[in-house]
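User: Hi! Could you walk me through this model before I set anything up?
Analyst: Happy to, here it is.

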Amino acid sequence: MVVGPDTSRPVTPEEYDEVDMLLRAAFPSDAEARLVRQLRRDGDIWAEWVKPWSGRIAGYAALSRMAEPKGWACLGPVAVWPEWQNGRLLTSDDEAGRKHWRIGTRLVREIADTVTLPATVRDTPETIVVLGEVPFYERCGFSNARAARLRSPYPLSHTLIARPGTDVPDARLDYPGAFSRV
């Protein structure tokens, strides 16, 4: 029997308020909640996912269309309820004992894996960019080394990409307008 956070799925509009509460709880300010609302208003959201657990939204991630390069997206914000961050969600599995579930890691890894699907079977970007903690995102399938030739308004030391292949693309990153307005 499988025990643990449910499979990620798209957000429904009825869940926007719960996502807003999660974002406000997971971060020190309401900036990420305001960012998501603005991205929705601007029509820049590519996809939003939630990872349900025990009747609640345990984790959330947004994927937005980059202004440039076309066909690329940026991941963020990614949020998990504070009480379940860093593997603090414990479940009991009759066969294996207690398990720690890393909701954020599972959610981000699932998203990173989508770029390796053939283009004919996916509605995902060719490249996903994320700005964040390098060790965490590298565990999830992103690469900081492959982002070395990007030009970005944000520090490359914390910029990572997920994309098929092993190339190191040379591109200028232009994030959705909401990132500079919020």
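**Layout and sheet**

Analyst: Read along the sequence, the pattern of the protein is β-α-α-β-β-β-β-β-α-β-α-β-α. Helices (H or I, at least four residues) and strands (E, at least two) are DSSP runs, numbered from the N terminus. This is a predicted model, where local features need pLDDT of at least 70 and side-chain atom pairs count only at pLDDT 80 or more, while totals for chains, interfaces and linings use all residues. Residues are numbered from 1 along each chain as its sequence is written, and side-chain values use heavy atoms, with hydrogens and water left out.

User: Thanks! How many helices and strands is that?
Analyst: The protein has five helices and eight strands.

User: What is the strand order in the open sheet?
Analyst: The open sheet has six strands in the order β1-β2-β3-β4-β7-β8, with mixed pairing. Two strands count as paired if DSSP finds at least two bridges between them. β1 (9–10) and β8 (159–162) are at the edges with a single partner strand each, so one side of each has no neighbour in the sheet.

User: Which way does β1 run against β2?
Analyst: They run antiparallel, joined by two bridges. R9 has V50 in β2 as its bridge partner.

User: And β2 with β3? What's in the turn?
Analyst: That pair is antiparallel too, over eight bridges, and E48 stands opposite A62 in β3. The two strands form a hairpin with two residues between them, and S54 in the turn has a positive phi of about 55 degrees.

User: What about the hairpin of β3 and β4?
Analyst: It has six residues between the strands, and G71 takes a positive phi near 85 degrees. Six bridges join β3 to β4 in the antiparallel sense, with V78 in β4 as the bridge partner of A61.

User: So is β4 to β7 parallel or antiparallel?
Analyst: Parallel, with four bridges; L75 stands opposite V130 in β7. β7 then pairs antiparallel with β8, also over four bridges, and V130 has L160 in β8 as its bridge partner.

User: Switching to helices: where does α1 sit?
Analyst: Helix α1 (residues 16–26) lies across β2, β3 (56–65) and β4 (72–80), and runs at about 90 degrees to β3. Helix α2 (residues 31–42) packs on the sheet as well, touching β2, β3 and β4, and its direction makes about 130 degrees with that of β2. Axes here are lines fitted to C-alpha atoms, for helices over the stretch in contact, with angles from 0 to 180 degrees between N-to-C directions. Contact means heavy atoms within 4.5 Å.

User: Now the interior. How much of the protein is buried?
Analyst: Buried residues are 48% of the 182 residues. Buried means under 20% relative accessible area, exposed over 50%, and partly exposed in between (1.4 Å probe, protein chains only). In β3, eight of the ten residues are buried, and in β7 it is four of five.

User: Which residues have the most contacts inside the largest nonpolar core?
Analyst: They are L75, V108, I111, I128, Y137 and F142, in a core of 20 residues. A nonpolar core is a set of buried Ala, Val, Leu, Ile, Met, Phe, Trp, Tyr and Cys residues joined through side-chain atoms within 4.5 Å. The elements that each supply at least two residues are β2, β3, β4, α3 (103–114), β7 (127–131), α4 (134–139) and β8. α3 gives the most, with four.

User: What does I111 touch?
Analyst: Leaving out residues up to four places away in sequence, I111 touches W49, A61, L75 and I128. Apart from that core lies another, of 17 residues, including L23, L35, I45 and I57.

User: Last one: where is R172, and what does it touch?
Analyst: R172 lies in the loop between β8 and α5 (178–181). Its relative accessibility is 46%, so it counts as partly exposed. Not counting residues up to four places away in sequence, R172 touches E68, P69 and R151. R172 and E68 are 104 residues apart in sequence, yet 6.9 Å apart in space, C-alpha to C-alpha.
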